[in-house]
Amino acid sequence: MTTPRPEIAIIGGSGFYDFLDEATPVVVDTPYGSPSEAPMVGFVDERAVAFLPRHGRKHRLPPHRVNYRANLWALRALGVRQILAPCAVGALRAELGPGTVVVPDQIIDRTWGREHTFYDQAKQVVHVGFADPYCAGGRAAVVAAGRASDEPVVAGGTLVVINGPRFSSRAESRWHASIGGTLVGMTAMPEAALARELALCFTTIALVTDADAGVDAADAVDHAAVLEVFTAHIGRLKGLVARAVAALPEAQDDETAPCACRRALDGQRMPFALP
């Protein structure tokens, strides 16, 4: 049996380690090493989809040790052009309680020591625009999927990405809120930027698991509590992701796709061919 060529991928975050009921693992070699796991390829309704757990199936990889470059490269090599990326986040605003789903439209990157580009060793410089980090079409599909099922999501917000694996101090949390942050997480960067470097459509779906330490009188965050809340809402989140897959635009050639993400590399001299 021939493995289908998926145009859509789901990158599962903390607590989101499986998605497809019947799927085939596909081993992909990349110039950047091995992805977190071999992607699983199957179907959501009639659409071919790849699934990759960001941290590995047993959460063996902390956020600063995830091989983001290998993950994104492997998915593109399979044929993926649109990615939905669920993740657990803390809220920097008191009104965003646990269980709230947010589709952010902006990022503040506070990570360090990670591989942030595919082109650091290339002889030809490659610059990509990142003013709008997320795919407008992907975000619209997730918001529409929520509204259609009476499962509303918050459309818009700024995700502050910290390095981890520790959580923020109260002072850091208050600072993140003061500079415009809505949410705080550990994995959206360099993931989103690397997706842009591969001209992939990328959409984060953020599930709030806690109030960050500097929000009002919030308790200190611990990982066990984060996973407990995420687990309590995983059924809702998977349902939303499945409906969003159905709402995503049909596959088109990169040259004719209406989304600006797919044209991120137009006009650039590429130092090597993309998969």
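## Close-up views of a predicted model

**View 1. The second largest pocket and its lining.** Helix α2 (residues 136-148) gives the most to the lining of the second largest pocket, with three residues. The structure shown here and in every view below is a predicted model. This pocket has a volume of about 240 Å³, and 13 residues line it. Look for Asp132, Tyr134, Ala136, Arg196 and Ala260, which lie nearest its centre. By residue class, the lining divides into seven nonpolar, two polar and four charged residues.

**View 2. The largest pocket.** Here we turn to the largest pocket, which holds about 390 Å³ of space. The elements that give two or more residues to its lining are β5, β10 (183-185), β11 and α5 (223-247). Of these, β5 gives the most, with four residues. The lining is made up of 26 residues, and Ser14, Ala88, Phe167, Met186 and His223 lie nearest the centre of the pocket. Sorted by class, the lining residues are 13 nonpolar, 10 polar and three charged.

View 3. Arginine 76 lies in helix α1. Is arginine 76 buried or exposed? With a relative accessible area of 7%, arginine 76 falls under the 20% cut-off and so counts as buried. The side chain of arginine 76 reaches the backbone oxygen of leucine 198 at 2.7 Å.

**View 4. The largest nonpolar core.** In soluble globular proteins, nonpolar side chains tend to be buried together. The largest nonpolar core in this model has 46 residues, of which Leu72, Leu75, Ile83, Phe118, Leu183 and Phe202 touch the most other members. Two or more residues of this core come from each of β1, β4 (47-53), α1, β5, β9, α4 and β11. The largest share, seven residues, comes from α1. Zooming in on phenylalanine 202, and leaving aside residues up to four places away in sequence, you will find that this residue touches Ile11, Ile83, Ala85, Tyr134, Cys135, Glu191, Ala192 and Ala195. Another core, of 29 residues, lies apart from the largest one, with Ile8, Val44, Val49 and Ile205 among its members.

**View 5. Glycine 33 in its loop.** Glycine 33 is found in the loop between β2 (23-25) and β3 (40-44). With a relative accessible area of 33%, glycine 33 is partly exposed. Which residues does glycine 33 touch, not counting residues up to four places away in sequence? Its contacts are Asn67 and Ala70. For a sense of scale, the C-alpha atoms of glycine 33 and threonine 187 are separated by 19 Å, while the two residues are 154 residues apart along the chain.

Definitions and conventions
Residues are numbered from 1 along each chain as its sequence is written. This is a predicted model: local features need pLDDT of at least 70, side-chain atom pairs count only at pLDDT 80 or more; totals for chains, interfaces and linings use all residues. Side-chain values use heavy atoms; hydrogens and water are left out. Buried means under 20% relative accessible area, exposed over 50%, partly exposed in between (1.4 Å probe, protein chains only). A polar contact is a pair of N or O atoms within 3.5 Å; within protein, one must be able to donate a hydrogen and the other to accept it, and residues adjacent in sequence count only if both atoms are side-chain atoms. On a 1 Å grid over the protein atoms alone, a cavity is a set of points where a 1.4 Å probe fits but cannot get out, and a pocket is an open set with protein on both sides within 12 Å along at least five of seven lines; lining residues have an atom within 4 Å of a point. Grid points are joined across faces, edges and corners, and a volume is the space filled by probe spheres set on the points. Ala, Val, Leu, Ile, Met, Phe, Trp, Tyr, Cys and Pro count as nonpolar, Asp, Glu, Lys and Arg as charged, and the others, Gly among them, as polar. A nonpolar core is a set of buried Ala, Val, Leu, Ile, Met, Phe, Trp, Tyr and Cys residues joined through side-chain atoms within 4.5 Å. Contact means heavy atoms within 4.5 Å.
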